[in-house]
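I opened the notebook to go through this structure step by step. I wanted the chains, their interface and the strand pairing written down.

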Amino acid sequence: VDTAKDEMLGRIREALGRFAAPLRSSVPREYRVAGVLSFSERVELFIERLHDYDAIVHRAGAHEIAAAIAATLAARGKRGLLIPLGIRTEWLPPGFLFQRDAELSYDEIDRSEGVLTGCAAAIALTGTIVLRHSESEGRRALTLIPDYHLCVVYEQQIVETVPQAIEQMSGYTRSPITTVSGPSATSDIEMTRVKGVHGPRTLEVILVS
Amino acid sequence: MSVHVGDAAQAPDFPSAAQKLVANTQLRHNVRHATDVIRRKRAKVVDEMSDWEQLREAAQRIKDDTLQHLDHYLLQFEEACTRAGGKVHWARDADEANCIVIDLIRSYHQNEVIKVKTMTSDETGLNKALHHAGVTSYETDLADLIVQLGEDKPSHIVVPALHRNKMEIRRIFLEKMNLQELGDRPEDLTAAARNYLREKFLRVKIGISGANFAVAETGSVCVVESEGNGRMCISLPQVLISLVGIEKIVPTFQDLEVFLQLLPRSATGERMNPYNSFWTGTTSGDGPQEFHVILLDNGRAQVLADQESRETLDCIRCGACLNVCPVYRQTGGHAYGSVYGGPIGAILTPQLQSMEHSQSLPYASSLCGACYEVCPVKINIPEILIHLRGRVVENGDAPLTERMAMKTAAFFLESGNRLATAQKLARVGQLLFVRDGIISRLPGLLGGWTAVRDLSPVPKQSFREWWAARHQEKQ
């Protein structure tokens with residue numbers, strides 16, 4: 001018998017008295033759920049919001065993903081990245097070392113030059129990327145410990161509003177979910193925004209049409 | 001039951017604490033600067049939202065529904081969380097919650113924990129309890145780290161170290177992190193924190209978190225943050241313990257679509273904070289394989305009992321009411337003597353303690369109503385402040401002199417004749433004090449009023465006298 005539980009529930013019931021109100025007594029949801037933007041406006045807004053949060057965006061055609069990744073890595077002088085187990089091989093350009101996350105230790109992840117993943121969805125209005133940590137996004141540690149995150153987002157994955165994204169997410173709540181809006185940041189010291197605290201200090205997005 | 005809210009029961013009353021703090025000009029400067037910045041950012045991103053009022057309305061109704069059926073939703077959460085591999089514990093008060101945490105840490109044979117900002121653990125005094133139990137706790141939120149290393153107290157719900165400037169922080173870090181050199185730019189200080197904590201994130205086996213939301217329908221828990229320290233604490237350790245106040249429940253996952261729009265814009269003036277983490281029980285191959293939730297009452301059920309102030313529990317800890325409060329902006333958070341400062345603290349802290357302590361807090365307000373206007377869940381703080389002032393008086397906890405004065409006033413106001421007599425007496429009595437048509441100094445207790453403002457004298461003729469005279473003339 002859990003006395004603490006019984007006592008807490010008893011106290012709550014006593015405080016409420018016997019209520020007659022039905023569960024979910026109609027919550028008015030008159031806020032915006034559906035989007036109002038056209039497809040291209042939505043993509044533009046997403047890019048603008050990513051820039052607002054200091055993320056870097058490159059655009060690429062569906063067949064140029066590997067080339068875009070190669071160019072990005074070359075520009076940063078990176079020799080390779082970690083990748084989750086289920087990433088599409090056609091994304092990976094030759095000439096770089098991509099190491100699959102087969103139970104890497106945290107220290108091994110920490111020593112890497114960064115990580116390349118896909119995503120589950122994106123939100124235009126808030127510049128947010130949604131990770132559901134499936135095979136193409138990897139476990140949570142993989143997109144957290146490295147200092148550099150390169151993320152491939154398809155334009156079709158972008159929704160306009162937060163409610164639209166939550167509706168999708170509610171379909172996979174059994175997995176852990178992380179939403180990322182720009183690189184990690186803090187304003188704790190004199191309200192000066194400092195980019196990059198513990199999460200990846202650089203977030204770069206390859207936006208695929 | 002031994003409910004305590006940090007050390008609030010031992011704290012000095014608000015006026016005495018505030019008097020000392022307002023004399024500290026550096027502190028006032030820091031608080032004013034920080035709150036100004038957040039207010040500006042908040043106003044900008046709230047203005048972008050054409051449906052802000054509809055979101056507030058929905059949030060209030062969701063919270064109202066949650067509280068009215070809290071027993072039901074807590075049980076639903078327990079069932080869903082357990083099904084997903086979590087273990088749910090129930091804690092009646094702060095000490096019980098702390099004991100559960102300590103027992104769990106011992107059962108895993110550990111003596112260190114990493115913590116992501118949780119006000120609820122400040123409320124239970126968890127760090128102190130862990131220290132006594134020989135467990136080292138590392139706060140990982142930058143501001144919390146500043147507070148912990150500075151052996152200080154949080155002064156704001158969202159930015160707990162806003163009372164410190166960068167020079168003070170540099171001094172604390174140099175000493176406590178054993179550094180030889182350190183710059184004083186926010187970037188330097190942030191980098192020092194990153195280095196200091198990195199090794200701990202990768203090594204420590206137990207993480208402790210609070211929760212911004214716990215979803216009854218799915219058993220999911222949600223933590224909202226900016227730095228990535230939260231993600232570190234909830235996804236790297238082998239064991240995760242989340243301390244959750246029972247009012248943090250929301251019925252459905254869909255309900256998050258409301259709060260995740262209101263919270264970041266209200267708290268930090270961002271459209272979305274950098275990171276939100278959601279997890280449900282445990283996931284094989286990803287993150288902690290043992291997950292414990294502690295559902296904490298610590299006076300909350302008591303608050304439910306008072307229908308007029310129940311909505312205090314709707315609070316989602318955004319801190320917007322602090323940033324706009326003319327009182328908070330002068331005193332900072334420490335004057336409130338509680339981990340919860342500002343307007344919300346002024347109503348929450350005394351209620352959690354069954355109105356037995358912190359009774360000066362409902363008076364720490366000018367009732368200007370700015371807090372109500374910015375509250376994302378529409379808590380009518382000014383009305384609750386007045387209601388609680390009433391409760392303080394009913395409890396007989398108002399000062400004796402005030403009660404005597406009120407009784408005397410009641411006696412004279414009860415009957416027209418008595419009032420007329422009193423007015424006549426006052427007219428004679430005030431002659432000693434009227435100078436140039438005003439009273440600018442009164443003796444004794446009444447002097448408290450005239451110390452800061454002038455008083456008009458009682459007029460030569462009262463309304464009743466004028467009315468009676470006019471009536472006679474007509475006849």
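This is a predicted model: local features need pLDDT of at least 70, side-chain atom pairs count only at pLDDT 80 or more; totals for chains, interfaces and linings use all residues.

The entries below follow the order of my look-ups.

**Entry 1: chain B by itself.** I counted secondary structure elements in chain B and got 22 helices and 12 strands. I then took the extent of the C-alpha trace of chain B along its principal axes, which is about 95 × 55 × 45 Å. Chain B has 475 residues, and buried residues make up 57% of them. I also looked at sequence separation among the contacts in chain B. Of the contacts with a separation of 6 or more, 74% join residues 24 or more positions apart.

**Entry 2: extent of the interface.** How many residues of chain B are in contact with chain A? I found 97 on chain B, against 75 residues of chain A. Interface size is often given as the accessible area lost when the parts come together, and I looked that up next. The two chains bury about 7,500 Å² between them. Carbon and sulfur atoms carry 59% of that area.

Entry 3: I ran the salt-bridge rule between chain B and chain A, and it returned 10. I picked out one to view: the side chains of A:E7 and B:R92 form a salt bridge, with N to O at 2.8 Å. Which helix gives the most to the side of chain B that touches chain A? It is helix α10 of chain B, residues 186-203, with 10 residues. I sorted the residues on that side of chain B into 46 nonpolar, 26 polar and 25 charged.

Entry 4: I traced an open sheet of eight strands with mixed pairing. The order reads β8(A)-β5(A)-β6(A)-β9(A)-β9(B)-β6(B)-β5(B)-β8(B).

Entry 5: I checked where the chains join. Strand β9 of chain A (177-180) pairs antiparallel with strand β9 of chain B (275-280) over four bridges. There, A:I177 stands opposite B:F278. Within chain B, strand β5 (213-215) and strand β6 (220-225) are also antiparallel, over two bridges. B:A214 has B:V221 in β6(B) as its bridge partner.

How values were computed:
Residues are numbered from 1 along each chain as its sequence is written. Chains are lettered from A and ligands numbered from 1 in the order in which they are written. Side-chain values use heavy atoms; hydrogens and water are left out. Contact means heavy atoms within 4.5 Å. Buried area is the accessible area (1.4 Å probe) that two parts lose on being put together, summed over both. A salt bridge is a side-chain nitrogen of Lys or Arg within 4 Å of a carboxyl oxygen of Asp or Glu. Ala, Val, Leu, Ile, Met, Phe, Trp, Tyr, Cys and Pro count as nonpolar, Asp, Glu, Lys and Arg as charged, and the others, Gly among them, as polar. Two strands pair if DSSP finds at least two bridges between them. Buried means under 20% relative accessible area, exposed over 50%, partly exposed in between (1.4 Å probe, protein chains only).
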